[in-house]
Amino acid sequence: MNTARLRSLVLYVILGGFLAGLIFFIGCYFVQGGTWAMRPANQHLQGSSQLSNAGTITDRNGNIIAQSVDGERVYSEDYTTRCALLHVLGDTDGYISTGIQNIYLSGLTGFNPVLGIAGTSNGSSGQDIQMTVDSNLSALALQQLGDRKGAVAMYNYKTGDVLCFVSTPTYDPENVPDDLTTNAYYDGVFLNKALSGTFTPGSTFKIVTTACALENIKDIDKHVFHCEGTKVINGNTIVCDSHTAHGDQTLQEALTNSCNVAFAELADELGSEKMMKTAEEMGFNKSFSVDDNKTVASNYRVNSATSAEDLAWSGIGQYTDTANPAHMMTLMGAIANGGTPVLPHTVKDTSIFGGSTSGGQLLSKEVADRLKTMMRNNVKNGYGDSLFPGMEVCAKTGTAEVEGEADTGWIVGFSQNAQTPYAFAIVVEEGGYGLSSAGAIASALMNAAVAQ
């Protein structure tokens, strides 16, 4: 009798496990069935591409930037536009994993969990998608980058609409180069650097050091920083750009002068614990959501810094600091919005990806407003308002030293004019001086956005 009961119990356990597994599988199928069905290994797909009968994608102005014609996926008629939008759209073969055509593949192809892949079985197209990107601005960004590698990120910090996510190197998705995987020029070409790249931030990180000082040093406005072009801190020499002697300066003046000596002193005074706390509050060491993508986290970790020199250089944006362009753009949006950003998205219908549009508070309103004033001074009395006429732009440039390479140029900022609520982060690899490389691109894009 006991043996029969034991056998029955074992059978019930096996049956229960089977039913639980079946329910789990069915649930996964309804959630992920589209992704499974559209894998490149699926030989049952009709045509040469998973996208052969997919829906149409348009930019924010209704311009067609991707569509299916006679079983083939075709892109914008303009060559520059095709190359500029490659990374935000994604390629036909699915190598660019963060592209819209990859992450929303099942919707674009009309996958139905009951009927299967409707778009490839009866010739009908799947869901159409309108993006927030501006194809004209994106093409301009690519033209401005030219043959240089880098990333351009720009969005409306009030609505979260991404106007431009351009990454180089790039290529024409309709005429894929034969040497795409063998030519060193195309190294990293499948990576959208705006979302998934990190770069040494250089002096743009001084915004974070400034915020830490505003939060932790009560009389910071009374501080006077003296710079003779170099300074020895704990036995290590800190050098300003071209050994420029800035003399006596306030924190505001030190930020406009981008004085390495002043910010090395600040990082040393604040210490690693406070610097880490502020950096993490401002979004370092964590990812943000853009549609259904996660950004690669910007990095600031000084808990293992082996010397005071390392900490000092970290406050200048060197040491092991890295920054992601989409994060820095979002941080600019947070400063513009009084401390809380609207998260960026590239798809008009935000219900497609769901989730919150708020990135949570990154800094207090008081500190955000102080940074806004100080960054506005950078442009008025440093870079020149002629770069951004009538836009009241607040910004910070950076020229980051990278071992074995020419300097990387940066600019991050936003317009505080309510008519032009745009924030941007632009990085040019081996571009040299940030103002002349990245700054020139920011000027061209912002002026074009206003003109439109």
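**Aromatic pairs, helix packing and local backbone features**

In the predicted model, the count of aromatic pairs comes to 8. One of them is formed by Phe205 and Tyr300, whose rings are stacked, with 4.8 Å from centre to centre and 20° between the planes. This pair links distant parts of the chain, since its two residues are 95 residues apart. Phe205 is placed in the loop between helix H8 (193-196) and H9, and Tyr300 in the loop between strand E14 (293-294) and helix H12 (308-314).

Helix H9 takes part in two helix contacts described here, with H14 and with H11. Two packed helices are described by the angle between their axes and the distance between the axes. For H9 (residues 206-216) and H14 (residues 365-383), the axes come within 10 Å and cross at roughly 130°. H9 is therefore oblique to H14, and the crossing is right-handed. On the H9 side the contact is made by Ile207, Thr210, Ala211, Leu214 and Glu215; on the H14 side it is made by Val367, Arg370, Leu371, Met374 and Met375. By class, these residues divide into 7 nonpolar, 1 polar and 2 charged.

The packing of H9 with H11 (residues 260-281) has an angle of about 80°, and the axes are 8 Å apart. Angles from 65 to 115 degrees count as roughly perpendicular, so H9 and H11 are roughly perpendicular to each other. The residues of H9 that meet H11 include Lys206, Val208, Thr209 and Cys212. Among their counterparts in H11 are Phe263, Leu266, Leu270 and Met275. The contact of H9 with H11 has 10 nonpolar, 5 polar and 4 charged residues. Thr210, Ala211 and Glu215 of H9 are listed both in the contact with H14 and in the contact with H11.

Two local features of the backbone were also found. Most residues other than glycine have a negative phi, and most peptide bonds are trans. Thr168 and Pro169 are joined by a cis peptide bond, with omega at about 10°. Pro169 is in the loop between strand E8 (162-168) and H8. Tyr319, which is not a glycine, has a positive phi of about 55°. The loop that holds Tyr319 runs between H12 and helix H13 (325-336).

The chain has a mean pLDDT of 88, and 87% of its residues reach 70 or more. Over residues 33-48 the pLDDT is below 50, and this stretch has 30 contacts in the model beyond near neighbours in sequence. The pLDDT is also below 50 over residues 118-124, a stretch with 14 such contacts. Where pLDDT is low, the predicted coordinates should not be read in detail.

Key. Residues numbered from 1 in each chain as written. Predicted model: local features only at pLDDT ≥ 70, side-chain atom pairs only at ≥ 80, totals over all residues. Heavy atoms only, no water. Axes fitted to C-alpha atoms, helices over the stretch in contact; angles between N-to-C directions. Helix = DSSP H or I, 4+ residues; strand = E, 2+ residues; numbered from the N terminus. Parallel < 35°, antiparallel > 145°, perpendicular 65-115°, else oblique. Left-handed = near helix turned anticlockwise from the far one by under 90°. Contact = heavy atoms within 4.5 Å. Nonpolar A, V, L, I, M, F, W, Y, C, P; charged D, E, K, R; others polar. pLDDT = per-residue confidence, 0-100. Phe/Tyr/Trp six-rings, centres within 6.5 Å; stacked < 30°, edge-to-face > 60°.
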